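Student: I have a model open on my screen and would like to learn how to read it. Could you walk me through it?

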Amino acid sequence: MTSEKNTYFRTGIRLALPPAIISCILFGMISLPWMEHVYHSIIFGAGSGLTVFILVYLIALQNLKTKLEEIRAIIQRTPSRFANATRPPDKNASDEIQEVMIDAEWSRSTITREFQKMDETENYRKEFIGDISHELKTPIFSVQGYLETLLDGALDDPEVNQLFLTKAMKNVNRLIFLTNDLMEISRLESGELKPELSVIPLNNLIHDAIDSLQYKADQRNVKLFFEEKETNAFALADRNQIRQVLVNLIENSIKYNKPDGKVYIRTRFDEHDNSKIMVSVRDTGIGIDPDDVKRVTERFFRVDKSRSREEGGTGLGLSIVKHILESHGEQLAIESKPGSGSIFRFSLKSADHHSDLISA
Ligand SMILES: Nc1ncnc2c1ncn2[C@@H]1O[C@H](COP(=O)(O)OP(=O)(O)OP(=O)(O)O)[C@@H](O)[C@H]1O
Ligand SMILES: [Mg+2]
């Protein structure tokens with residue numbers, strides 16, 4: 001009720017005005033036969049009206065004002081997780097009762113939003129648990145199958161023994177990767193894993209990512225090329241997270257490449273916006289269908305499940321990439337031509353203006 005522009009109690013005026021006008025007319029008319037002049041009756045009527053006005057206003061002020069203020073204070077305590085859920089200004093409220101109504105409406109919409117958010121979280125949780133159990137089942141049942149066969153007698157044959165234990169181990173490794181990725185994605189999706197920004201020498205980081213994947217590329221006879229155009233590319237980003245983005249993208253371009261395929265990694269300053277560094281990973285691989293391009297960043301989505309599984313993939317890599325880039329305020333752009341190859345692009349903020357912080 002502490003409206004800055006209206007310090008008087010507007011509801012009191014609204015309540016007091018009608019009875020004041022009625023008593024003014026009524027007492028004026030009743031007094032007519034007893035008064036010498038008409039204007040005496042007018043003064044008497046006006047006096048009665050004013051008295052009634054003051055009485056009703058004071059009674060309303062005493063009884064209503066504090067109660068309305070209390071109701072408003074209760075409404076304003078509506079809990080909200082939304083940062084921008086501050087109450088809208090009640091510019092158009094004609095009196096304190098309408099201010100309370102506006103507050104009640106604001107509170108209702110805030111609570112509705114909170115419930116919607118809770119429903120979304122609950123649906124996300126259910127879906128996530130469903131996906132996880134589905135993904136965990138395959139390697140767990142495989143391990144169980146190999147161990148059961150070994151216990152049923154295959155243990156005596158050293159060759160089968162070795163083969164089955166190797167396969168069981170492969171599945172256990174898959175489970176380890178899967179749990180690590182799941183932990184990471186759930187922390188990213190819940191917003192718990194915030195980027196720790198620092199000035200990172202992008203080219204060093206790319207060399208680092210390439211080195212860690214060179215053996216995989218060699219295994220498949222895929223050649224990795226780093227077109228190091230911008231030698232001075234320093235980005236303002238989270239070092240570990242961007243390293244992971246690079247590793248996931250380069251690893252995909254190796255995994256989903258053709259024999260003797262090529263991968264080109266490139267950094268350059270954005271032609272239109274010099275404060276951004278563009279990074280691209282292009283491959284001459286199998287490519288992705290246009291319909292699937294839209295879906296590859298979805299959690300657990302794989303174009304060819306069996307091929308991806310064979311490679312030890314869980315369909316979380318690009319989803320992690322997308323979340324990391326979004327937490328940096330950036331987007332992943334994908335262009336692909338089935339049979340010819342794909343290009344994955346993203347940009348990062350250039351740290352040019354932060355050269356004082358640069359450490360190799
Ligand atoms: N460079 C690429 N060329 C062709 N297809 C790709 C490429 N990158 C990703 N894909 C397709 O997108 C799917 C999702 O990729 P993502 O990296 O999320 O999962 P993954 O590689 O299968 O598993 P993970 O990365 O979790 O080990 C892949 O299964 C593959 O079908
Ligand atoms: Mg991947």
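**Reading the sheet, the domains and the side chains**

Tutor: Gladly. L224 stands opposite V263 in β4. Keep in mind that this is a predicted model.

Student: Which strand is joined to β4 by five bridges, and do the two run parallel or antiparallel?

Tutor: The partner is β2, and the two strands run parallel, with β4 covering residues 262–269.

Student: What is the strand order of the whole sheet?

Tutor: Read across the sheet, the order is β2-β4-β5-β7-β6. These five strands make an open sheet with mixed pairing. β2 (223–227) and β6 (333–337) each have a single partner strand, so they stand at the edges and one side of each lacks a neighbour in the sheet. On average, neighbouring strands are turned by 15 degrees against each other, direction ignored.

Student: Which helix packs on this sheet, and which strands does that helix touch?

Tutor: Look for helix α5, residues 202–219, which touches β2, β4, β5 (276–283) and β7 (341–349). The direction of α5 makes about 175 degrees with that of β2.

Student: Let me try a single side chain. Is S253 buried or exposed?

Tutor: For a question like that, look at the relative accessible area; under 20% counts as buried. S253 has 3%, so this residue is buried. You will find S253 in helix α6, residues 239–255.

Student: What does S253 contact, leaving aside its neighbours within four places in sequence?

Tutor: With those neighbours set aside, S253 is in contact with V263, V281 and D283. A polar atom of the S253 side chain also lies 2.7 Å from the backbone oxygen of I250.

Student: Now the aromatic rings. How many aromatic pairs does a search of the whole structure find?

Tutor: The search finds six. To classify a pair, check how far apart the ring centres are and how the planes are angled; planes under 30 degrees apart count as stacked. Take Y124 and F128: their ring centres are 5.5 Å apart and their planes are at 15 degrees, so this pair is stacked. Both residues sit in helix α3 (residues 96–151), and because they are four residues apart, about one helical turn separates them. Y124 is partly exposed at 28% relative accessible area, whereas F128 is buried at 9%.

Student: And how far apart are the ring centres of F225 and Y264?

Tutor: Those centres are 5.2 Å apart, and with the planes at 15 degrees this pair is stacked too. Here the pair links distant parts of the chain, since F225 belongs to strand β2 and Y264 to strand β4, 39 residues apart. F225 counts as partly exposed at 31% relative accessibility, while Y264, at 19%, counts as buried. For an aromatic cluster, look at F9, F53 and Y57.

Student: Last one, stepping back. Into which domains is the chain divided?

Tutor: The division gives domain 1 (10–111), domain 2 (134–189) and domain 3 (198–357). Taken over C-alpha atoms, the centres of domain 1 and domain 2 are separated by 75 Å.

Conventions:
Residues numbered from 1 in each chain as written. Chains lettered and ligands numbered in written order. Predicted model: local features only at pLDDT ≥ 70, side-chain atom pairs only at ≥ 80, totals over all residues. Heavy atoms only, no water. Pairing = 2+ DSSP bridges. Axes fitted to C-alpha atoms, helices over the stretch in contact; angles between N-to-C directions. Contact = heavy atoms within 4.5 Å. Buried < 20%, exposed > 50% of the residue type's maximum accessible area, 1.4 Å probe, protein only. Polar contact = N/O pair within 3.5 Å; in protein donor to acceptor, adjacent residues only side chain to side chain. Domains from an automatic or database assignment. Phe/Tyr/Trp six-rings, centres within 6.5 Å; stacked < 30°, edge-to-face > 60°.
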